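Subject: Structure for your review

Dear colleague,

Please find below the structure for your review. My notes on it follow directly after.

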Amino acid sequence: MTEPFDAVTPPDAEVAAAARDRQGRLTKPPQSLGRLEDLAAWVASCQGACPPRQFVRPRVVVFAGDHGVTEAGVSAYPSAVTGQMVANFDAGGAAINVLAEVAGASVRVVDIAVDCDAPLSPAIGAHKVRRGAGNIAVADALSAEETDAAVAAGRRIADEEVDAGADLLIAGDMGIGNTTAATALIAALTGAEPVVAVGRGTGIDDLGWMRKTSAVRDALYRARAVTEDPLSLLRVCGGADVAAMAGFCAQAALRRTPVLLDGVVVTAAALVAERLAPGARAWWQAGHRSTEPAHTLALSALELDPIVDLRMRLGEGTGAVVALPIVRAAVAALASMATFDEAGISENTP
């Protein structure tokens with residue numbers, strides 16, 4: 001049985017107000033830095049300090065897992081690619097490794113449910129729950145025990161990272177078929193029709209899109225009785241990797257650590273996490289908007305405004321790390337700009 005989440009303490013509203021007041025005293029016209037001012041106030045409120053501190057250990061955790069629904073022809077790639085990409089992440093050769101380095105973040109990959117005989121390494125497989133997931137079109141993704149174990153694994157991973165000094169977290173995803181599970185979860189929680197929610201994922205053609213839409217429709221039919229129970233919903237049409245990401249996002253909020261959300265899979269997990277730990281979303285920002293239509297549905301449900309919109313749809317945490325330098329810029333502006341008094345400039349100067 002999953003241990004209940006404690007009540008989430010919101011970010012410090014008084015510090016946010018102090019940050020907004022400081023913005024008004026910096027050497028610039030009021031609100032002239034736009035969204036950067038909002039992001040800086042959010043960081044300050046999460047840290048409980050104004051001016052906020054620049055991030056010293058932002059951390060990306062890529063959650064890898066396979067999905068049985070791949071058997072239904074919903075992806076342009078075979079499931080073997082998941083394990084191959086785990087090795088690529090570990091070797092530093094994936095997009096997330098390159099973009100995270102530019103943004104000043106480090107990357108960890110965890111095998112939660114890759115369909116392989118043995119994890120790539122003991123460290124990568126330390127939290128493995130099972131191989132793959134059931135085909136959600138015709139069967140449950142997980143057992144109740146596996147669902148509990150996956151959520152608990154995500155919570156432990158968040159604790160490990162925060163205890164090791166992470167001051168901002170990003171969840172990434174890797175798993176062939178995972179956008180199908182994510183879309184089913186989002187549609188179940190928002191009431192959206194499959195034809196509205198289903199996107200092209202890895203770049204599927206029209207026939208692939210039709211198969212994917214049918215799989216999501218069938219998963220929704222199976223999940224119709226459990227939409228009010230987040231754990232049961234993860235069991236029926238999620239997966240161990242998505243369940244672990246939900247535990248990770250919720251636990252980060254409990255540990256008062258800000259999170260940048262990535263694309264449709266991570267945001268589907270976050271949508272579930274908000275139901276597991278109400279109020280957790282105050283600790284999150286949406287790094288970007290994916291081209292997947294379900295992602296926009298989930299962002300709307302969470303009332304989160306994406307920082308960037310670059311037509312990305314890769315996953316891995318890439319959209320969030322691209323947004324990280326913008327958040328860093330917001331922090332730097334609030335912390336390091338001179339005030340009018342410090343610069344000897346009159347606020348009334350024409």
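In these notes, contact means that heavy atoms lie within 4.5 Å. By that criterion Asn135 touches Gly68, Val69 and Glu71, residues up to four places away in sequence being left aside. Please bear in mind that this is a predicted model.

Asn135 itself sits in the loop that runs between strand E2 (106-113) and helix H5 (144-163). Its relative accessible area is 14%, and a residue under 20% counts as buried, so Asn135 is buried.

Thr70 lies in another stretch of loop, the one between strand E1 (58-65) and helix H3 (80-91). Thr70 likewise counts as buried, because its relative accessibility is 15%, where the limit is under 20%. Two polar contacts of its side chain deserve mention. A polar atom of the Thr70 side chain is 2.8 Å from the backbone oxygen of His67, and the side chain of Thr70 also reaches the backbone oxygen of Ile176, at 3.1 Å.

Phe63 belongs to strand E1. With a relative accessible area of 0%, Phe63 is buried. Its contacts, again without residues up to four places away in sequence, include Val110 and Ile112, as well as Ile157, Ala171, Gly172, Asp173 and Met174. Further along the sequence, Phe63 touches Asp241, Ala244, Met245 and Phe248. As for Asp167, its C-alpha is 19 Å from that of Phe63, and the two residues are 104 apart in sequence.

Turning to the chain as a whole, it has 14 helices and five strands. The radius of gyration is 20 Å, close to the 20 Å that the globule rule gives for 350 residues, so the chain is as compact as a globular protein of that length. Along the principal axes, its C-alpha trace spans about 70 × 40 × 35 Å.

Of the 350 residues, 57% count as buried. Among contacts between residues at least 6 apart in sequence, 76% join residues at least 24 apart. The accessible surface of the chain comes to about 13,800 Å², and carbon and sulfur atoms account for 53% of that area. Finally, the chain carries 29 positive and 41 negative charges, whose mean positions are 1 Å apart.

Yours sincerely

Methods:
Residues are numbered from 1 along each chain as its sequence is written. This is a predicted model: local features need pLDDT of at least 70, side-chain atom pairs count only at pLDDT 80 or more; totals for chains, interfaces and linings use all residues. Side-chain values use heavy atoms; hydrogens and water are left out. Helices (H or I, at least four residues) and strands (E, at least two) are DSSP runs, numbered from the N terminus. Buried means under 20% relative accessible area, exposed over 50%, partly exposed in between (1.4 Å probe, protein chains only). A polar contact is a pair of N or O atoms within 3.5 Å; within protein, one must be able to donate a hydrogen and the other to accept it, and residues adjacent in sequence count only if both atoms are side-chain atoms. The radius of gyration is taken over C-alpha atoms; the globule rule is 2.2 Å times the number of residues to the power 0.38. Accessible areas come from the Shrake-Rupley method with a 1.4 Å probe; for residues, only the protein chains shown count as cover. Lys and Arg count as positive and Asp and Glu as negative; His and the chain ends are not counted. The place of a charge is taken as NZ of Lys, CZ of Arg, CG of Asp or CD of Glu.
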